[in-house]
Amino acid sequence: MMIDELPTPALLFERAPLEANLKAMADVLPGAKLRPHIKAHKCSELARRQVARGHETFCCATIREMEVMAASGLGEDLLLANEVVDARRLGVLSTGGARITVAVDSDDTVDAAAAGGVPEVLIDVNVGLPRCGCPPEDAGRLADRARRAGLEVRGVMGYEGHIVGLASREERESGCSESMEKLVAAHRDVGGDVISAGGTGTFDCNGWATESQAGSYALMDTAYAKLGLPFEQAVFVLATVVSVSATLAVAACGLESLGMDHGNPEVMGGKLWFCSDEHVTFAPSSPARVGDRIRIVPAHVDPTIAYHERAYLVEGETVVEEWPIDMRGWGPA
Ligand SMILES: Cc1ncc(COP(=O)(O)O)c(C=O)c1O
């Protein structure tokens, strides 16, 4: 099938840059040095490509992602890098033979892991991002509580999400160092083999983590493109021009197909004016016609992917495979 035959808006994964990104990352962080975060693509077929590059341990953000990974035979070592208050669906996965670890940052979430039948935990430490994570000085106490509850404490995690997107490498390096000082101190109190941290923006400057949780690197977005990382743009949204005026064109693809929390996407071959619910209004660089197909580069990959049911793997103008985005949503797999 050719790209022109696809119903739009269509999510495109371009094969060559995708494979180049997977290789570039595996060269720097081989095997278990990378625990790819699959929230960035939510696609078990893409996770298989990461396995083919030597990574067999994965991070997930939702219980559904954990379920689909396990059901896809990718349950070698799955970390839910988020807190949950009802861990029973995770306990079922563990009973089914997957290796399941969950992040905990409070008495409540430790107790939930134990009650739900999850055998292993990481103590999630706040390293500066105002999100989840216990204060570093509370990590040892939580680890003791978890061990008393019969849980295996594998170590710590601490996501420096406030650092990964900084444009200056120097600032990323110093911010990362500051954050990881907290995580390493917490790890001294917690013990275990694992120090899990990092994202795409710090993949090669976080020397403290035993494993990086980078995910966006596989597909990239315009926010990460600004950092000068060795990864290429591999995801696009294909849209059809439905209306043209003297200076502007409008494509049928808007907020319902694009994650916008990092700002506007970019239009290839034009300058974006604005996005509305189902439309992108742009000034084309050469005269546009109704029926033209344009490529839009998302500003934030993860939420963009979550809007689409499937991705088309393409090589130039040819569609070579169709991959379900099978980990989107929250319900049981
Ligand atoms: C806990 C955690 N780890 C890792 C990542 C991956 O980060 P990146 O998008 O920089 O690859 C995220 C992304 O939001 C995250 O929430």
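Okay, let's start with His 41. If you skip its neighbours within four places in sequence, His 41 is in contact with Leu 46, Ala 47, Gln 50, Leu 219, Ile 305 and Ile 325. Before I go on, please keep in mind that this is a predicted model.

So where is His 41? It belongs to the loop between helix H1, residues 15-28, and helix H2, residues 44-52. Is His 41 buried or exposed? Its relative accessible area is 0%, so His 41 is buried.

Ala 40 counts as buried, because its relative accessibility is 2% and the cut-off for buried is under 20%. Which residues does Ala 40 touch, not counting those up to four places away in sequence? They are Gly 215, Ser 216, Leu 219, Val 301, Asp 302 and Ile 305. If you'd like a sense of distance, take Asn 126: it is 86 residues from Ala 40 along the chain, and the two C-alpha atoms are separated by 22 Å.

On to Lys 42, in the loop between H1 and H2 as well. Lys 42 has a relative accessible area of 12%, so this lysine is buried. What about its backbone? Phi of Lys 42 is near 55°, which is positive, and this is a residue other than glycine. Most residues other than glycine have a negative phi.

There is another one like that on my list. Met 220 has a positive phi too, near 70°, and again the residue is not glycine. You'll find Met 220 in the loop between strand S8, residues 211-212, and helix H8, residues 222-225. With 1% relative accessibility, Met 220 counts as buried.

Thr 8 and Pro 9 are joined by a cis peptide bond, with omega about 0°. Most peptide bonds are trans. Pro 9 lies in the segment before strand S1, which covers 10-14.

Now, Arg 35. Its place is in the loop between H1 and H2, and at 2% relative accessibility Arg 35 counts as buried. Who is around it? Leaving out neighbours within four places in sequence, its contacts include Thr 57, Phe 58, Cys 59, Asp 77, Arg 154, Glu 211, Ser 212 and Gln 213. Take Ser 212 from that group: along the chain Arg 35 and Ser 212 are 177 residues apart, yet their C-alpha atoms are separated by 5.8 Å. Arg 35 also has a polar side-chain atom 3.3 Å from the backbone oxygen of Phe 58.

Then there's Glu 211. Its side chain makes a polar contact with the side chain of Arg 35, at 2.6 Å. Glu 211 is in strand S8, and at 7% relative accessibility it counts as buried. Not counting residues up to four places away in sequence, Glu 211 touches Ala 32, Lys 33, Arg 35, Leu 79, Val 194, Ile 195, Ser 196 and Ala 197. For contrast, Glu 211 and His 262 are 51 residues apart in sequence, and C-alpha to C-alpha they are 26 Å apart.

Where does it sit? In the largest pocket. The residues surrounding the ligand include His 37, Lys 39, Arg 131, Tyr 159, Gln 213, Gly 215, Ser 216 and Tyr 224. Let me pick out some atom pairs. Gln 213 has a polar side-chain atom 2.7 Å from a nitrogen of the ligand. With Gly 215 it's the backbone: an N or O atom there lies 2.7 Å from a ligand oxygen. And for Tyr 224, an N or O atom in the side chain is 2.4 Å from an oxygen of the ligand. How much of the ligand does the protein bury? On its own the ligand exposes 390 Å², and the protein buries 92% of that.

Last stop, His 308. This histidine is in the loop between helix H9, residues 301-305, and strand S15, residues 310-315. At 6% relative accessibility, His 308 counts as buried. Apart from neighbours within four places in sequence, His 308 is in contact with Leu 11, Val 237, Ser 257, Ile 325 and Arg 328.

Key
Residues numbered from 1 in each chain as written. Predicted model: local features only at pLDDT ≥ 70, side-chain atom pairs only at ≥ 80, totals over all residues. Heavy atoms only, no water. Helix = DSSP H or I, 4+ residues; strand = E, 2+ residues; numbered from the N terminus. Buried < 20%, exposed > 50% of the residue type's maximum accessible area, 1.4 Å probe, protein only. Contact = heavy atoms within 4.5 Å. Near = heavy atom within 4 Å. Polar contact = N/O pair within 3.5 Å; in protein donor to acceptor, adjacent residues only side chain to side chain. Areas by Shrake-Rupley, 256 points an atom, 1.4 Å probe, with all protein chains shown as cover. 1 Å grid on protein atoms, 1.4 Å probe; cavity = no way out; pocket = protein on both sides within 12 Å on 5 of 7 lines; lining within 4 Å. Sits in = over half its atoms within 2 Å of the grid points.
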